[in-house]
Amino acid sequence: MAATGDAEETQLQEMEEETGMENEMDLDEEEGLGIENSDDEIDDSSEDENENEAEIQRLEEQLSINAFDYNCHVDLIKLLRQEGELPRLRKARQKMSELFPLTEEIWLDWLKDEIRLTEEEPNREKVYELFETAMKDYICPEIWLEYAQYSIGGMGLPGGMEKVRSIFERALTAVGLHMTKGATVWEAYREFENAILVTVQPPPGSVPTCEQQELLNAQLERIHTLFRRQLAIPLMDMDGTYAEYEEWSDQGVSDTVSQKYKRALQQMEKSKPYEETLMIAEPPKLAEYQTYIDYEQKEGDPARIQIIFERALAENCLVPDMWAKYTKYLDRQLKIKDLVLSSHDRAVRNCPWTMGLWKNYLLALERHGADHHTISDVFEKALNAGFIQATDYVNIWEAYLDYLRRRVDFSKGESTLTLESSRELEELRAAFTRSLDYMKQDVEERFSESGDPSCTIMQVWAKIEALHCKNMQKARELWDSIMTKGNAKFANMWLEYYNLERSYGDALHCRKALHRAVQCTSDYPEHVCEVLLNFERVEGSLEDWDAAVQKTETRLNRVNEQRAKVTEKEAHLALHEEEKTEQRRRAKADKKNQKKGQKGSRPGEKRKAEDKDYEDEWGEESEQPPKRHRGEGDQGFREGGGGTEVFMETESGLFGRRAPPGRRQERPGAKRGQQVAPATIWKTQEDDPEQRKDDCSVFISNLAFTMEDPEKRLKELFEPCGPVQSVRPVYAAKGFRGYCYVQFEGKASVLEALKMDRQEVDGRPMFVSPCVDKNKNPDFKVFKYNTNLEKHKIFISGLPFSCTKEQLEELCKDHGTIKDIRLVTNRSGKPKGLAYVEFGDEALASQAVLKLDGTVLQEHTLSVAISNPPRRNTADKPGFSRPMGAMMPRSMVYGSRGKGRTQLSLLPRSLHRQTGSESKAENGTAPKPTGGTSGDAGFEAQAKPLSNSDFAKMLFKK
């Protein structure tokens with residue numbers, strides 16, 4: 001059998017030699033096809049090399065300053081690989097591998113480069129070591145296949161066959177359960193064994209010996225076993241493997257294998273929907289992976305739970321929550337030391353900024369009995385990881401101090417501690433001292449705060465000294481230091497110290513602590529005084545009681561005086577503000593009365609003044625009126641009585657006013673002053689309101705007032721969305737008002753029209769929104785952008801107004817996949833210098849914030865942060881029923897569109913003052929309202945048309 005094995009290895013060596021000769025011939029052919037470069041090409045290449053060398057030096061210098069710059073490592077490796085600097089490239093890869101787990105692509109490039117460099121057999125061990133290092137970062141089927149393929153090349157060496165099989169078996173253990181990629185490893189293993197089978201088969205026509213037959217049978221059994229093992233595992237396309245086994249096996253498929261195959265097939269069908277969801281989902285697929293993980297945890301197969309976690313982490317290696325869930329599962333369920341500790345190590349290497357992962361790593365090391373040196377090294381790495389909050393350093397120090405405290409055996413007291421325990425106690429005290437110095441120097445210098453305002457570390461130290469070491473003197477010194485750090489004014493701190501003295505000290509120090517607490521506490525002095533009196537009731541003498549009563553009374557009297565002064569000062573300030581507000585209101589009212597008096601003193605100019613008021617309220621400089629929706633009695637511009645009656649439906653209801661006598665609405669394009677016959681007055685709506693359909697209409701706004709023939713222009717603009725039934729522009733005294741209604745023949749066209757929202761028309765963004773009656777739908781929102789925290793999107797401010805989307809994309813594309821860019825503009829289409837950039841996932845957005853914040857673009861310094869827009873004010877919604885007139889001054893009562901002049905209800909000002917029983921009109925006392933002024937009833941009352949004589953009576957009533 002040994003002879004047969006030697007023959008087998010000889011054949012394999014011949015196969016390798018033939019493959020090597022073919023590769024050499026290919027290389028010779030490629031060299032023969034080479035073309036000499038011209039002098040120009042050589043000069044260009046030398047210039048590129050100089051630029052690349054300068055960039056390499058810059059990256060190396062930047063890494064010497066900040067070794068944790070991940071993108072800088074990647075860029076350096078890429079440039080060195082282009083330049084062919086193999087020694088420097090290997091060194092750069094090793095440095096990055098020490099700090100971060102490398103991605104699958106980086107590892108494959110590194111391994112392939114090393115394989116080409118180490119063609120001699122003695123160097124194969126170095127490549128094997130590199131493969132073993134790569135296996136520790138992520139579970140990647142492609143790397144395992146590359147590892148197995150490389151080991152096949154050394155099969156002719158002593159023990160080469162066993163090594164190949166060992167690597168394949170490890171690969172099956174690691175990734176054989178991978179639902180989509182595991183089958184490739186199984187197939188590669190079978191192909192290898194089939195190749196071995198060919199070498200051990202006897203030549204045709206010859207009779208095999210007993211040893212040859214045994215070797216042949218053993219090889220056939222290996223292949224049978226691989227088929228059986230694979231068919232018992234749920235994998236995608238496993239029916240093809242079953243058909244292949246039926247064709248390959250001369251004996252057919254046994255019933256046992258068929259039953260296992262059917263069970264695996266059923267399990268695969270259950271998991272198939274989750275796999276299909278992952279295939280169609282876009283990165284980072286966190287929700288899809290979490291759903292898949294929850295399903296596998298309910299099924300309860302530890303191996304399958306582990307593989308789905310590994311798959312999720314391979315695609316989301318920078319998500320701390322995913323690592324925390326995985327390590328928590330391993331800590332509580334599997335509890336396998338090597339697996340648990342390696343996973344914790346990978347977690348902190350991927351997300352070193354997350355304190356919770358380091359804390360769990362320290363606990364896992366202690367739980368699995370790691371030596372003290374290892375735990376201390378991990379803690380030192382945690383301190384250098386660069387946490388983003390000062391409190392993170394406090395928490396990691398607490399975790400390490402807890403570990404050091406558990407090392408000390410306090411069971412026999414400090415006086416009877418062993419030599420080893422004494423050293424551990426001294427190390428604990430030294431660690432406490434070092435932690436306080438670290439907080440005072442390093443943390444405060446970086447964050448401008450210690451992160452531990454309550455001095456929790458010092459409190460724990462004091463308790464340990466009092467409880468375990470019976471050293472109350474040291475505990476009191478620590479508490480004196482705590483109080484000098486600004487904690488003496490808090491009652492809870494004094495009560496904590498009092499409880500420590502009560503438990504481990506004496507009555508004298510308890511009394512002393514409480515007396516100091518009464519003197520210094522400013523937040524809850526009554527509670528501290530009560531504790532002192534209760535203490536004296538139990539412990540003190542009559543003299544102690546009298547002293548406590550006198551001290552508490554004196555302190556409480558002083559506190560009450562201070563509180564009274566503060567209350568008086570606040571009341572005075574409030575009164576002063578009210579007086580200033582009243583003065584401003586009176587001044588404004590006097591100014592209006594004076595203006596009206598001037599109007600009344602010049603009868604000949606009455607019509608001109610009224611016309612001017614009318615133009616001020618309807619002029620071009622005013623804001624656009626709110627959207628007008630179909631409601632009862634809404635007839636647009638219509639004729640009636642002696643003047644034109646103008647109705648306007650706002651977000652709060654229907655209001656109306658009459659145009660000044662003699663002033664008629666002009667047809668669009670008509671000259672100013674040209675008289676238009678009443679029969680030719682243009683209307684904004686069709687005569688039959690029943691023909692209007694809001695569900696088939698869209699509301700168009702923010703159009704230019706100067707647009708020529710809006711009906712024709714908008715019809716041409718929206719015809720690609722579907723058949724247009726009508727276009728209803730809205731006109732006022734001076735012409736087109738910049739908004740209109742477009743009604744389609746079908747509802748499907750509305751969806752297409754909404755996609756044209758914010759399309760630029762005549763240099764302005766055109767707003768397209770659904771046509772919704774806000775009286776019936778008060779909660780309807782037109783604002784389509786999210787107003788909550790969006791972790792995958794960044795907000796950039798300080799942009800130059802000339803910045804374009806292309807320039808912004810060029811700036812941000814190096815930091816990750818960009819899904820969308822939105823430049824913020826005002827209503828006229830002019831940029832505001834703000835933008836939102838949406839990335840593929842939260843990790844990319846966080847990295848972009850760190851890299852782009854403070855960047856200078858066209859001499860403008862950019863401010864970058866995670867998108868978190870301010871919430872929109874709910875009080876501004878239509879239908880908000882709070883009586884605002886009673887809550888704030890009239891000058892601060894705004895409508896649903898803020899401070900705009902279009903908030904006017906188009907009624908005389910005297911009617912606007914009826915918000916209370918003592919409201920005054922501009923020219924006299926207004927009648928008391930007969931009903932509520934808020935709600936629909938009040939609006940209906942205000943919407944009642946009034947004649948010119950009614951207006952005159954209200955305006956000139958004395």
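Mentor: Let's start with strands: two of them pair if DSSP finds at least two bridges between them. Helices (H or I, at least four residues) and strands (E, at least two) are DSSP runs, numbered from the N terminus. As for the source, this is a predicted model, so local features need pLDDT of at least 70 and side-chain atom pairs count only at pLDDT 80 or more, while totals for chains, interfaces and linings use all residues. Residues are numbered from 1 along each chain as its sequence is written, and side-chain values use heavy atoms, with hydrogens and water left out.

Trainee: Thanks! What joins S5 to S6?

Mentor: A hairpin does, and it runs through 2 residues. Strand S5 (residues 724-732) pairs with S6 in the antiparallel sense over 7 bridges. Alanine 732 stands opposite glycine 735 in S6.

Trainee: Which strand do 4 bridges join to S6?

Mentor: That's strand S4 (residues 697-701), again antiparallel to S6. Isoleucine 700 has cysteine 740 in S6 as its bridge partner.

Trainee: How many residues of strand S6 are buried?

Mentor: 10 of the 10 residues in S6 (735-744) are buried. Buried means under 20% relative accessible area, exposed over 50%, and partly exposed in between (1.4 Å probe, protein chains only).

Trainee: On to the other sheet. In what order do the 4 strands of the open sheet come?

Mentor: The order is S10-S11-S9-S14, with antiparallel pairing. Strand S10 (818-825) and strand S14 (863-867) are at the edges, each pairing on one side only. On average, neighbouring strands here are turned by 25° against each other, direction ignored. Axes are lines fitted to C-alpha atoms, for helices over the stretch in contact, and angles run from 0 to 180 degrees between N-to-C directions.

Trainee: How many bridges join S9 to S11?

Mentor: 5 bridges, between residues 790-797 of S9 and residues 831-839 of S11.

Trainee: Changing topic: how many aromatic pairs does the structure hold?

Mentor: There are 32 aromatic pairs. Tyrosine 274 and tyrosine 295 make a stacked one, at 4.7 Å centre to centre with 20° between the planes. Tyrosine 274 is in helix H12 (residues 255-280) and tyrosine 295 in helix H13 (residues 286-299), so this pair ties together parts that are 21 residues apart in sequence. For the cut-offs, rings of Phe, Tyr and Trp (its six-membered ring) pair if their centres lie within 6.5 Å; planes under 30 degrees apart count as stacked, over 60 as edge-to-face and the rest as tilted.

Trainee: Is tyrosine 295 buried or exposed?

Mentor: Tyrosine 295 is buried, at 11% relative accessible area. Tyrosine 274 is partly exposed, at 24%.

Trainee: What lies in the loop between H12 and H13?

Mentor: Proline 284 has its place there. A cis peptide bond joins proline 283 to proline 284, with omega of about 10°.

Trainee: Which residues do ring pairs link into a cluster?

Mentor: Phe379, Phe387, Tyr393, Trp397, Tyr400, Tyr403, Tyr438 and Phe447. Phenylalanine 387 and tyrosine 393 are both buried.

Trainee: Now the core. Which residues have the most contacts inside the largest nonpolar core?

Mentor: Ile143, Ile396 and Trp397, in a core of 157 residues. Helix H19 (residues 390-407) gives the most to this core, with 10 residues. Apart from that core lies another of 20 residues, among them Met707, Val727, Val742 and Met756. A nonpolar core is a set of buried Ala, Val, Leu, Ile, Met, Phe, Trp, Tyr and Cys residues joined through side-chain atoms within 4.5 Å.

Trainee: Last one: where is aspartate 237 found?

Mentor: In the loop between helix H10 (210-231) and helix H11 (238-248). Aspartate 237 counts as exposed, at 61% relative accessibility.
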